[in-house]
Amino acid sequence: MSRQTQFYTAARPQSEVRIRIAGEFSKIPIGVREDYFYGTPPKPPKGSARKASDVSGGRGEDACLVIGFDTEYVPPPLTSRDDLKAGKGKATPVSYQVHCRLVDGESPENGKEWSGVFYPVTADDRFHLDEVISFAVCRGVEMGHVTKVPRRIELISHFSRADMPMLEDLDQLTPFLDAVRGVFVTLQPLKLRYALDTGPIDLKVSIRDTYLLTAEGAKRLEDLGEVVGVPKIKLAEDPEDEAAIKSRMDLVLATDPDLFERYALSDAEICVRYYEHLRELCRKTIGTAKVPLTLSGIGVKRLEQMWVRHKAIEPLQVLGLEEVQGRTFDDRTGRVFKKKSVVDRELVHLRRALAIEAYHGGRGEQFWFGPGPDQPQAATWLQHAPRPLVPTASSPPMVWNDFDLSNAYPTAMSLIGYPDWDNMNLRPELSDFSHSVLGVALVDFEFPVSVRFPCLPIRTDRGIIFPRRGRSYCTAPEIALAVELGATVTVKEGAVVPWLTTSIRPFGTFVEDAIKERNKHAKGSLENRFWKELVNSLYGKLAQGLRVKRVFNVSDSSMKPLEPSLITNPYFAAFVTGYVRAILAEIMNALPVQVQVFSCTTDGFLSTATQDQIDAASTGTLATSYREARMLIAGSSQIVEAKHQTGQLLGWRARGQATLKPGEPKADEPAFNYVLAKAGIRTPAQCQTVAEQNEHIVELFLTRTPTTTVLIKSLTGVRDIVLDKNDLVDRHYTRRLGMEYDFKRRPEAIGSGVVGEYRHVSWSSMPWDTVEQFNTVRDELDAYRAVNKAGSAEGGASAPQRGCIMTQDDYTGFAMRIALKASGGDVGYVHAENPDIKLLRKVLCTARHHGEAGLDKDSDGLTAAQFAMKLTAAGIPCKRTDVENGKKKVFTPHSVTASGPVSTALTALAKELPGLRPSELLTVTKLDLLANLGSLTADGRRLGLRLWKYPRAA
């Protein structure tokens, strides 16, 4: 039997709770009766009997009782992972509270509200779901707030992952529950039955969570309270003090019970008030009082309705789908039934896998590592003396602007025309891929060396990168731009979807309407945030389910793939993200060469460009079409806007930037002069302002060591709660700090910058030639950062620590490892200090013993000690025992990387040993991160002449 036809039987139809009456705690009985309810009960399973008295007259069809539900509890002490696995993450409940509102437009009692707090009878007692509902109903009817309530219940929480585990019967409820984005809800109403002696009372209970109905950046209950005019009560002004108080709400109850109940009830009231605001917005936007689970769900519903109303739009045609008639055999009845299903159209299906491969996320690259450019003056940066760079009167500080595309993804969606799926071109030529075409392809490509920002993505296990050449799954806008930039492109496989018409834009009307509605309301208001989230979240529905993502299924405790949405389409999803990546690349490549670009993230980039330079760079084909789309949907020709303006920057990886020198502040935008993207690093609770968080991040970067860890704070997830029987508790654990460069690009020119008392290496970057180079470097970076528990590198306590690239020597040592690893040489030396020189020493000693490469111990007339002295004099530190150990090794020709130090040493040694044949020792260095490395000036320019040399061998 499916859970849609099952009833969940109340565990305690008659119970008792404690409440405060006139300041004193008293026990009262609770229990529902048939005459407390009106409306039609849920339909019973087939074959069960129902008395006529079970059905009472109803009022409004959408009538329901809304119950805001919240709990207060005392969390356990910090628990380890082992404790959580053992189910020891259990909190102590303090109180349960409800705020109720009757919603029935045809009832004179519509809008009546009441609330109450009730407490466990014993310290370790927990209430069941049916007891929560019983208390809410009994308090409303028996206290005279209402005469009856509907049989349809909507139980509303904010972040139900905290409150649902406080129910005693959560284990029994899980077969009826679902989890969406980490909170408990019901996709289908739970049929709750109170089995009384007088007959059953059946209710339909929908569990909802306001967390799913809030916009990004405004998900706290405090934010919702401000919107609905119910301020959340503060227990202390200092955040740390308030957190400490909240962790012991039992003490608040003991010392100030009135404050405790005001605080507890405000949370439940905010949930109801906000949910009712959303109900009104749903009435206006989608014509129903039933609130979908998520804001994106509201957006999809509105889009569907707009398509249905548009006589020229056929939804299945838009999405490349068709309805087919099939037949299925029912084993239970032994009969054959006709069955309709919706499937991809034939040509859509043929290239579906290609379209999915062409769908990538946003472009995220860090073009600089370490302290960025500051002053436009040349400097010898790699001097170890900690002296600051001195600005001159004619050298004003650099200004960095954080530019964003306006409404990037919604604007790209609006460009999608009405597709003609039945006439797809499955053998397109390169010329068929224009900027505005709906097309996907697998291409081979190579960009000219002069292109600073190649635009064809290659997916790796560590994100997407943009090398100069390779093979890419990509979209038509990216291909068209690549050709404009001078790339050689060869289409291997592809598909181009023509437009039936561009006058009908299935998503354009929705986007235009949402932006207009948003602009009618004040910034920060509920309505403004509602419409912004509605349009921004719609793109995610286009891509839902395209990549394999497994989610926890509460009802059967299994992992299952995330299902596609009603509008999932791989061609549309690929076009939207590809178009945004392409327009960013078009603008960045059009900037003057002296303009610096610090980083790029999804729909924006940090640059020294002025607004005039941005405007001049925004005249390409893609920017022009983007501007035209913006005029249609928003009535504005502005396509790029500055969100932040600051001085010197610090960068370490994609989505990892901080501010070293803030810009000029704005009175109405306190954080305008800071750029801070923490790349997943959480700052301490005491760092409240952006400036404080920024200072903490900068300090972490400059003082990090190979063993630096950060405290990771997280909460138990739905899986932990359901499988291991835990409550919502803190999980605290440490993790290695990851602030090394992600090497999505190749270092181009190196320098160092002074930040306070610290000097740190810096470099600019250029594209990799191939994805293989990137993978080699990242594999070696992982090995470089590997440190054992004692804090030492692989190889024992005597090995040097490594894992952080903070100086010139650190970078050079890392580059030597790369050269050795990539050259096919003896990788056994890759983790040593000066690995190329040490490997050369081993090979020379082995060659001499075996009479190879022009060396021979029997004819050179040298003792082992004398041979060692010659090597040392040539820059190859060597001892007599090293020479003697050569007889224990097998000589391997062409195994030493031809690095700078190796070449210098061999040149010197050849003068002492004229018969030496170096060519028999060396292998081609396939990846040398030092050979073409330039030096930086303080304004970020590259000097071709290196102002430093390869390090001397120790």
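Which residue in strand 13 is the bridge partner of tyrosine 194? Keep that in mind; the tour reaches it at the third stop.

**Whole chain**

Show everything first. This is a predicted model. Colour by pLDDT: the mean for the protein chain is 88, and 90% of its residues reach 70 or more. Select residues 49–58 next. There the pLDDT is below 50, and the stretch has 23 contacts in the model beyond near neighbours in sequence. Then select residues 945–954. The pLDDT is again below 50. This stretch has 32 contacts beyond near neighbours in sequence.

Switch to cartoon. The protein chain comes to 27 helices and 41 strands. Its C-alpha atoms fill a box of roughly 115 × 75 × 65 Å along the principal axes. Of the 954 residues, 53% count as buried. The chain exposes about 41500 Å², and carbon and sulfur atoms supply 50% of that area. Take the contacts between residues at least 6 apart in sequence: 70% of them join residues at least 24 apart.

Select the open sheet with the strand order 1-12-13-9-5-6-7. Its pairing is mixed. At the edges are strand 1 (8–9) and strand 7 (113–118), each pairing on one side only.

Look towards strand 1. Strands 1 and 12 pair in the parallel sense over two bridges. Pick threonine 9: its bridge partner in strand 12 is arginine 193.

Turn to strand 13, residues 199–209. Strands 12 and 13 run antiparallel, joined by seven bridges. A hairpin of two residues links them. Select tyrosine 194 here. Its bridge partner in strand 13 is isoleucine 201, which settles the opening question.

Continue to strand 9, residues 152–157. Strand 9 pairs with strand 13 in the parallel sense, over six bridges. Select serine 157 and find aspartate 209 opposite, in strand 13.

Move on to the open sheet ordered 16-28-29-18-30, with antiparallel pairing. Strand 16 (363–366) and strand 30 (640–646) stand at the edges. Each has a single partner strand, so one side of each is left without a neighbour in the sheet. The twist averages 20° from one strand to the next.

Select strand 16 together with strand 28, residues 597–602. Four bridges join this antiparallel pair. Pick arginine 363: its bridge partner in strand 28 is threonine 602.

Bring in helix 17, residues 570–590. Helix 17 packs on this sheet and touches strands 16, 18, 28, 29 and 30. Its direction makes about 165° with that of strand 28.

**Helix 16**

Last stop: select residues 526–543, which form helix 16. How many of its 18 residues are buried? The count is 13, and the helix is mostly covered.

Check its length with a distance tool. At 1.5 Å a residue, helix 16 should span 26 Å; its end C-alpha atoms are 27 Å apart, which agrees. Finish at glycine 545, which follows the helix and has a positive phi, near 85°.

Conventions:
Residues are numbered from 1 along each chain as its sequence is written. This is a predicted model: local features need pLDDT of at least 70, side-chain atom pairs count only at pLDDT 80 or more; totals for chains, interfaces and linings use all residues. Side-chain values use heavy atoms; hydrogens and water are left out. Two strands pair if DSSP finds at least two bridges between them. Axes are lines fitted to C-alpha atoms, for helices over the stretch in contact, and angles run from 0 to 180 degrees between N-to-C directions. Contact means heavy atoms within 4.5 Å. The expected span of a helix is 1.5 Å times one less than its number of residues. Buried means under 20% relative accessible area, exposed over 50%, partly exposed in between (1.4 Å probe, protein chains only). pLDDT is the predictor's confidence in each residue, from 0 to 100. Accessible areas come from the Shrake-Rupley method with a 1.4 Å probe; for residues, only the protein chains shown count as cover.
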